[in-house]
Amino acid sequence: MQAQVGIDENWFNQRDKNPHGAAHFGIYLLKPESRLSLVDRGVNRYAGTAFFVEGHVRNEAQFRKIEDETGLVRFGELTPAYILITLMPLFIILIGFNVFTKEREAGTWRMLQSHDVPLHKLLIGKWAGVTFTTFMLFIPLFILMGIIVSSVSGFGDFSFAHYLMLGVLYSLYYLIFINITLIVSWFSKQSGTAFITLLAVWIVATLVIPKLFVSTAQYLNPLPDTNTVAEMYREARAGGIDGHIPSSARELEKQVMEEYGVDTLEDLPFNFAGYRLQAGEEYDTKAYNHVFSQIRSTISDQDALIRKGSVFSPFLPVRNLSMAMAFTDVNTHWDFSEAVERYRQEFVLYLNEDLMYSSRTGETYLAGSDVWAAKPGFSYELPEMEDVIKAQTDNIFMLFGWVVFSFLGLLTIRQKTEEV
Amino acid sequence: MLSKMFHLEWRNMTNNRWLLVSFVLLSGLILVSTLNRSYHHEMYQAKVDEVRQAQIVEFQNFLADYDSVKAGLKEFDNQRINPVFPFSLEMRLIPQAVFEPTGLALIAIGKSDIHAGIFPVRTFSDPINKASVFYNPSTDLFGSFDFAFVLVFLIPLIVIAFSYNILSEERENGTLRMVMSQPVSLMAFLVSRISFRFLILFAALILVLLLSMVIAGVSLSENVTGITLLSGYTALYLLFWFGVSLLVNLLGKSSSFNITSLLGVWVFFVLVIPTLLHVTVETLYEVPPRSEALVEIRNAEEEAMSQDRDEILDRYFMDHPEFIEAAEGSSADEQWKETYEFYKWLYVVRQNIAEAVSPIVNDYCDRLARQQEFAGTISALSPAVVLKDAMSSLAGTSTDHYNHFHRSTEDFRLEWMSTIRDKMLREEFVSRDDLDALPRFSYSPTDVNNGFGRAGMALSLHLLAVCGLILLFRKRVGV
């Protein structure tokens, strides 16, 4: 990533300064885009892309693309996932809404009945017809997309397993819509009614339910605003050592001097300023962990509530699973954010220890390029498939539930006609 | 004749159970959406009041400390928070930027779920980083449920369900000849049917909306203009969809053809065009991510910070000799002068950084503004986008409103900073008069050019285009 290289160079080429000054200067870590984000951009536009790593403060990811967007993006983002998850069901509805109503309207239904064609064969035939047409469109498209996505440069590795998994998820989702379409077509008297009903199902599933559940989640679990968060932090931080204020660490001074058997801080074998800064840093970290865990728990309550919408919409579980497989879901974002925080602690500790061990209390010390060059490295591994699946158990369960449910729905067609 | 037709229409409609159920459902959705937004708005207002109250208390405490110090009753070890020292204004009286939507905030969420409405104004904030709310990306992705969504996305479907078969139905039921035998032209018959349905839907919609506003406690009399405009847009939008429906009916195909093609038109205007417009905007007016400006900004910061302190100040005072003269007349003693010296450097170096990064920031903002302007222009191609934007404008939550809010915040930040900086450079202490004359943040949604005329025009043009096509087809079909 070009920008990350530039930012790293900023760090390596900074002037000589006190290591703690360097901790304030900090470094930015940019969230890498996964290759499969080309298929599903997920929350990428809505989550920050840059994390400012600095002493004392844990920052939320900055630069959300959505902040600069025009209102157009809220109508939907033209990505493969949008076409495959939102628009593809419309195509299924279009090819399948009249499979039964057409026969009835044209009067060919009676003809078929008079030939004693068993209903289940007819049903399987119709089902196979719609399914075949759907997958004849989907499979070549999916293969072509796979070739394009795997050959584009500038992104991480192409994971065949994840891509294949996306294909399986979409296929299952299409089966649900195929089944619903056939069921509605069977129970409708006219093609028009079947179409309206199916469209209503589609609108409710893809547009209304997600928004309704989001609104409910925001109503029941509102997120705190900037000032409330600042207050939460102040409360959690109160009374602790402030690395910048010597008077807040008098107790600590005494303890350390006793431990080392010295009378003055200057006699310590290390720079007490670094020690104090690190002690203060630990308070900062503790306070931030407290604040972030509270916010995250509100967010996961919101997400859990939105997931409940899956009972009413097969769109939600597949949307969430698709993002998860493409590493563009909220979980991956938080996972990266946690990795950055772990790194931040390591980074600040490194600089405070450098101040501690490269100088004595009271000395003026300026660290140079060798110190900057030896900073801890940051690396981030995307979660394993196993972990993704584990985190997505709810959604997988819901998706399979919908598949089973929709096939059961198809069975009712047989039972009903056998009665007739 | 007309009254008979209306009577017949009314009976037809009240007999259609499906239509009634969907209408009741929709009214429910409108109520839910407006009441939901109104709840959020009330919570927000409560927060605003709380913040303003806290600021008053902060100011009073500051004032009390100020008087104590002046009377010699109190001393501060840490001069940064000593109220007579100008820097304490920055430390203790952190101003808050407060966004205010209009009285119609409940009709559209606009961008209020993305941007923070209340945030502290830091004297030296990062110029490319907007204050963010703590956000949940997944709720933002799916978006919230508001009246704008119901009106823009769902109401056209009701219009379609209401009118897709006005002509085809007659033909399919075999009643067309009966209609033709009446002393009214077929066109007049269709137009009156459409008009009746439009009037019913429009009146019901506005009624439900007004009702939900009354329940939510929105003053109707204070928002007459807004409500009138909203009614106007709604009427134009409904008429557009009724027009499309009439047009499709004129093609003379079956009801099932009509409904399929009308829904196709809906998908096209509401989903396909906006996403295509979005792609067009992003391709033609590309704006690099904000993070790309980071490298240059950080280089500029390092550069400014690495210069010799005295040199920086000397150079600055060469351009601003007035500060030297002022500082010479200062009443600050040696110890204070030392403190001032550090902060003088701090302010000057920060200003240098701001000046160094301003071309980068301005370039970014210009590109963004050009992109947004272009988006605004081509959005006129979709009545759905036009209406959604217009509703956000009416609610005071549009992109333009937030742009104006951020600009106001930036202007205020500069004013606030220079007030403190100038006192610092003059080595002046804070006086009682200064405290009375501190800059105040102000923002009002009425200062924003809402583009109401443009939206009305765009919607009218869409309607005119449909009317033109209707006339064209009428001749061709010969009704």
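**Reading a predicted two-chain model**

User: Why is L223(A) called partly exposed?

Analyst: A residue is buried if 20 or more other C-beta atoms, placed from the backbone, lie within 10 Å of its own, exposed if 12 or fewer, and partly exposed in between. L223(A) has 16 C-beta neighbours inside 10 Å, so it counts as partly exposed. The model is a predicted one, in which local features need pLDDT of at least 70, side-chain atom pairs count only at pLDDT 80 or more, and totals for chains, interfaces and linings use all residues. Residues are numbered from 1 along each chain as its sequence is written, while chains are lettered from A and ligands numbered from 1 in the order in which they are written.

User: Where in chain A does L223(A) lie?

Analyst: L223(A) is in the loop between helix 8 (191–220) and helix 9 (226–237) of chain A. Helices (H or I, at least four residues) and strands (E, at least two) are DSSP runs, numbered from the N terminus. L223(A) and T298(A) are 75 residues apart in sequence, and their C-alpha atoms are 6.7 Å apart in space.

User: What makes chain A more spread out than a compact globule?

Analyst: The radius of gyration is taken over C-alpha atoms, and the globule rule is 2.2 Å times the number of residues to the power 0.38. For 420 residues the rule gives 22 Å, whereas chain A has 29 Å, well over that value; therefore chain A is more spread out than a compact globule. Its C-alpha atoms fill a box of roughly 105 × 45 × 40 Å along the principal axes. Chain A has 16 helices and 2 strands, and 42% of its 420 residues count as buried.

User: How many residues of chain B are in contact with chain A?

Analyst: Two residues are in contact if their C-beta atoms, placed from the backbone, lie within 7 Å. By that criterion, 63 residues of chain B are in contact with 60 residues of chain A. Helix 10 of chain B gives the most to the side of chain B that touches chain A, with 14 residues.

User: Which residues of chain A have a pLDDT under 50?

Analyst: The pLDDT is the predictor's confidence in each residue, from 0 to 100. It stays under 50 over residues 416–420 of chain A. Where pLDDT is low, the predicted coordinates should not be read in detail. The mean pLDDT of chain A is 90, with 98% of its residues at 70 or more. Chain B averages 88.
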